[in-house]
Amino acid sequence: SVEAAVSCAHSVSQRSAQTIRERLDGVTLLITGATGFVAKAVLAVCLRELPEIGRLRVLLRADDDDGALARLRDEVLSSRAFEEISPADLALALEAGRLSALAGDVTSEGLGRPGPEGLDGVDVVIHCAASVSFEQPLDEMLELNVLGPITLVRALREASSRPHVVHVSTAYAAGSRTGLVLERPSGRSPAEPDVDLEAELAAARVWRAELEAESRLPEHQQRV
């Protein structure tokens, strides 16, 4: 009906007028890739500038949640990004459960976790976990940078979470295009190439296996 349309438009307008702080008030936010530069900065800003956030969960590679917590303390919170936050405030956030760590790997189904605990009730995800190394094997980069976000979202949905996802994508994704290149949902860009991801990944794995086998041939074993 017209009334419903007007009501919906008014609701959208109200949400658009909200600040980031207001939109994140009381939410549970999950951050990936927190040992990297970008995610450390994001986490530090959230802790320092957004006290209204309900809970901050950090996904880190580890054998279990205790190991993830140790990495959070030793490799993340000890970095310069958190110098403006007092150690007492960080300790209080951990003790109160406002800040927590989850063990998980976005290249493993279900993130390699034993169950959905910790992934439930997530409202927003800022996905920063990625590889920017030009020397990493292509298949590993595809598994992390391309399949990783898919695996992450699938695991969250299986835990009954339906979060808004902010994907911090890697650079150099515009191909040979020049000028202003707008980001659009996959499949909606007129210049988007037709890519079979599974075929690309299979080809990358074969290519890597062939190169590794060739590198072990006697003629390549001579050291200068």
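Colleague: Where is Leu111 found?
Modeller: Happy to start there: this is a predicted model, in which local features need pLDDT of at least 70, side-chain atom pairs count only at pLDDT 80 or more, and totals for chains, interfaces and linings use all residues. Residues are numbered from 1 along each chain as its sequence is written, and side-chain values use heavy atoms, with hydrogens and water left out. Helices (H or I, at least four residues) and strands (E, at least two) are DSSP runs, numbered from the N terminus. In those terms, Leu111 is found in the loop between β3 (99–103) and β4 (124–127).

Colleague: Is Leu111 buried or exposed?
Modeller: Leu111 has a positive phi of about 60 degrees although it is not a glycine. Buried means under 20% relative accessible area, exposed over 50%, and partly exposed in between (1.4 Å probe, protein chains only). Leu111 has a relative accessibility of 1%, so it counts as buried.

Colleague: And Ser160, is that one buried or exposed?
Modeller: Ser160 is another non-glycine with a positive phi, of about 70 degrees. Ser160 is found in the loop between α6 and β5 (164–167). With a relative accessibility of 62%, Ser160 counts as exposed.

Colleague: Which residues does Thr28 touch, leaving out those up to four places away in sequence?
Modeller: Thr28 lies in strand β1, residues 28–32, and is buried, with a relative accessible area of 9%. A contact means heavy atoms within 4.5 Å. By that rule, the residues Thr28 touches are Arg55, Arg57, Gly121, Val122, Asp123 and Val124.

Colleague: What distance separates the C-alpha atoms of Glu52 and Val27?
Modeller: Glu52 sits in the loop between α3 and β2, and its 29% relative accessibility makes it partly exposed. Beyond residues up to four places away in sequence, Glu52 touches Arg21, Leu24, Asp25 and Gly26. Glu52 and Val27 are 25 residues apart along the chain, and the separation of their C-alpha atoms is 8.4 Å.

Colleague: Which way does α6 run relative to α7?
Modeller: Helix α6 covers residues 138–158 and helix α7 residues 197–215; their axes are 8 Å apart, at an angle of about 150 degrees. Axes are lines fitted to C-alpha atoms, for helices over the stretch in contact, and angles run from 0 to 180 degrees between N-to-C directions. Angles under 35 degrees count as roughly parallel, over 145 as roughly antiparallel, 65 to 115 as roughly perpendicular and the rest as oblique. Therefore α6 and α7 are roughly antiparallel.

Colleague: How do the residues of the contact of α6 with α7 divide by class?
Modeller: From α6 come Leu138, Asp139, Glu140, Leu142, Glu143, Val146 and Leu147, and from α7 come Leu197, Glu198, Glu200, Leu201, Ala204, Arg205, Trp207 and Arg208. Ala, Val, Leu, Ile, Met, Phe, Trp, Tyr, Cys and Pro count as nonpolar, Asp, Glu, Lys and Arg as charged, and the others, Gly among them, as polar. The division is eight nonpolar, no polar and seven charged.

Colleague: In the protein chain, what share of contacts between residues at least 6 apart in sequence joins residues at least 24 apart?
Modeller: The chain has seven helices and five strands, in the order α-α-β-α-β-α-α-β-β-α-β-α from the N terminus. Of its 224 residues, 31% are buried. For those contacts, the share joining residues at least 24 apart is 77%.
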